[in-house]
Amino acid sequence: MSISYCKEKKLWILETKNTSYVIGVDEENNLQNVYWGSKLPYIGDYSPADISKGHSSFDFREGFANLEFPAWGGLLYSEPCLKATFSDNVRNLSLKYDDYEIVRNSENVSDESMSELRIDLKDSLSYRLRVRLYFRIYEEFDIIEKYAEVINEGEQPVTLESIQSGAWYLPEGMDYRLTHLIGRWSGETQLRQTFLTEGKKVMESRRGTTSPHANPWFAIDNGKADEDYGSVWFGALAWSGNWKMVFELSSFGQLKITGGINDFDFSWHLKPNCTFTTPVFTAGYTENGFGSASRLMHSYQLKHILPKEHASEFRKVIYNSWEATYFNVNAENQRSLAEKAASIGVEVFVIDDGWFGERNSDRAGLGDWFVNRNKFPDGLAPLIKTVNELGMDFGIWVEPEMVNPDSKLYREHPDWVYHFPGLPRTEARNQLVLNLARDDVKQYIYNFMDKLLGENNIKFIKWDMNRHFTEPGWPEAAAEEQKEIWVRHTLSIYEIVERLKAKYPSVVFESCSGGGGRVDLGILRRMDEFWPSDNTDAFDRLKIQEGFAYAYLPKAMVAWVTDSPNWLNGRKLPLTYRFHSAMMGTLGIGGNLNHWSEEELKTAKEMISLYKEIRPIVQEGNLYRLLSPRTNEVAAVEYTAKDGSEALVFAFLHSSQFGVGSKTLYLKGLESKALYKVEGSDGLTSGAALMKKGLEVNLKGDFDSKLIRIKKVDYI
Ligand code: DGJ
């Protein structure tokens, strides 16, 4: 059993394949985390929860304990998971253990199932607030999910001022090093590492959506872990709105990580008999370094997070029109691009921005989701028919949450955007954010999407979002509900997508927010993949993709091959380099194929056909980082097939120096005693040799690249 209760010690022991997470009730009925790390062999190793530790009158009892769900009140001065105000203005909580239930328990910790434990806490000072904590254990992946429900069992409303998904504690006495992802538009998911000192390090978004500036993922080690060795605790939040993670190191060396919905400008009016449910906070532990932490996250996402409709299908090769035709899409240029795309093996043809309303630039048209008849005189039907006849699926771009003031929609409904009466409405990219907290706006978006999908044979939606919130006012709402917009907006998006997915299960959804501004586990439960960045320079992409794949699976990482010189930085890169870089995730093409030479189209066709052969390994295999683009002239990533039959090595040279033309790569994840055929070399090589003696790769000049296939053929 993966969840057991030890009555004598009042401990719940949650076991995954290699780890355990232990929770106990102390003498004062507080719920505490007592252990999280490698599985221990003997139950006597787990001590009961203890409340007797303390230091002085300034630090003792609940202020000193590893409370599972610290609520603000009493002696707690650190970051709480819950802060509330009651109707009589009491602002104090004392959550004590009440009850538990093992909701599901798998028989065998090594199988692929999930077990679930529920523990109830209750405010002991009779305010009738119940907090229901859920722990889901994914045995196979050494991963635990936490979330909470706050239930108002009283007769008066309660104002929630902060409600987090949970708290995680790390063993004491370590030098804690935080690894995290930062970024900006066109430079998303950049890896950073920093040692934590006493105090708080906060990562967050206050922008209404996940944002590219920080990503809700973390890893903690003791400063000594590397790709293959060392303890790493890692986690991610499943939330696509304002979020916050706080890494708080106490003066006594206790590291607490809290995370959930950002409490900035937040409050929730919880009526009697109502429940507030937090987003899920996922975390895991491995003894085998950052590489293992990433692979556990990838496998967990593949099996448990990706929307079930397309989870087990390989992602198709996409063509996207954006960089080729920008807003100048029309029936003629799209048909000609579609023909070229089909001829090189593309499987989904996606028409990007510009097909609707008066959308000739980013200054007008958002909100008017009807076909622009100047560009498509007979509507979309003829183009979709052509695309289908060419053997491809048809996909389309939308930005449902937005409106240009210069649009029919805004002229009819100026009150549909977030605003404060009488104050200017700040525009960004000439657009305003629709108030999705309003039911009528939510319904409008659902309706136009329903119509679009119902009337056209569309199999792919790129859902974009190109600005963050300002003036988050909702004039029609009651005073006590004003600050709920941040949460309601995200819940509305989730609801719309869920409804659309239920009605149109064959449609694949891509999450985009000016690139990778909405990349998180919350949207990945509803949308099938991400557009990680508008930066399509294949060299810059290596770093963006490296950071992305620390947290998220390659199957969800779309990458296009675009034109050279690149639109963003003017860099010229060989076509094969651009392909190799984009083939490390879900391959797409974004260049203007009408300008590609016969030679280039021929290469593209060969590369796409090669990609179709290797995509099961890229999209669902195991990823091993060999050399980081952050620190080396040569960057290399290896993928191994889940069944071990094949490995792929992608290697990229920035620029050769001093005549050195080769690099030895030490492969990973192979079978020592298996014999492999390395593409381009004679004879066979053992797995042990490829891992210990290494594989020499020749790369020359500037921006050279190689994709090497390594097939298992025999055993020694
Ligand atoms: C931002 C996206 O990231 C781009 O790929 C493109 O769809 C543009 N928006 C269109 O406006």
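D464 sits in the loop between β28 (460–463) and α7; helices here are DSSP runs (H or I, at least four residues) and strands are runs of E (at least two), numbered from the N terminus. With a relative accessibility of 6%, D464 counts as buried, a label that means under 20% relative accessible area, with exposed being over 50% and partly exposed in between (1.4 Å probe, protein chains only). Leaving out residues up to four places away in sequence, D464 touches W397, V398, E399, P400, E401, C512, S513 and G514, where contact means heavy atoms within 4.5 Å.

A word on the model: it is predicted, local features need pLDDT of at least 70, side-chain atom pairs count only at pLDDT 80 or more, and totals for chains, interfaces and linings use all residues. Residues are numbered from 1 along each chain as its sequence is written, and side-chain values use heavy atoms, with hydrogens and water left out.

N466 is in the loop between β28 and α7 too. At 19% relative accessibility, N466 counts as buried. Beyond its neighbours within four places in sequence, N466 is in contact with W397, E399, M402, R429, Q431, S513 and G514.

Now for that R429. You'll find R429 in the loop between α5 (408–412) and β27 (432–433), with a positive phi of about 50° even though it is not a glycine. R429 has a relative accessible area of 28% and is therefore partly exposed.

D464, N466 and R429 are among the residues that UniProt, in an unreviewed entry, marks as "binding site"; the list also includes W185, D352, D353, K462, W463, M465, C512 and D534. UniProt positions are given in the numbering used here, feature names are shortened, and annotations may be inferred rather than shown by experiment.

Y326 has a positive phi as well, of about 40°, and is not a glycine. Y326 lies in the loop between α2 (322–325) and α3 (331–343). Another backbone detail is the cis peptide bond from S564 to P565, with omega near 0°; P565 is in the loop between β31 (558–561) and α10 (575–582).

Here are some of the accessibility values side by side.

| Residue | Relative accessibility | Class |
|---|---|---|
| S292 | 10% | buried |
| S686 | 17% | buried |
| Y326 | 30% | partly exposed |

S292 lies in helix α1 (residues 289–305) and touches E227 and T286, not counting residues up to four places away in sequence. S292 and K612 are 320 residues apart along the chain, and their C-alpha atoms are separated by 26 Å.

S686 belongs to strand β38 (residues 685–686). Its contacts, beyond neighbours within four places in sequence, are S672, A674, L675, Y676 and I716. UniProt's unreviewed entry places "domain: Glycosyl hydrolase family 36 C-terminal" at residues 635–709. That span is 8% helix and 45% strand, and its end C-alpha atoms lie 17 Å apart.

Finally, a helix pair. Helix α6 (residues 439–455) packs against helix α7 (residues 485–503) at an angle of about 25°, with axes 10 Å apart. The two are therefore roughly parallel, a term for angles under 35 degrees. Contacts run from K442, Q443, I445, Y446, M449, D450 and L453 in α6 to S492, E495, I496, R499, L500 and K503 in α7. By class, this contact has six nonpolar, two polar and five charged residues; Ala, Val, Leu, Ile, Met, Phe, Trp, Tyr, Cys and Pro count as nonpolar, Asp, Glu, Lys and Arg as charged, and the others, Gly among them, as polar.

Note on methods. Axes are lines fitted to C-alpha atoms, for helices over the stretch in contact, and angles run from 0 to 180 degrees between N-to-C directions. Angles under 35 degrees count as roughly parallel, over 145 as roughly antiparallel, 65 to 115 as roughly perpendicular and the rest as oblique.
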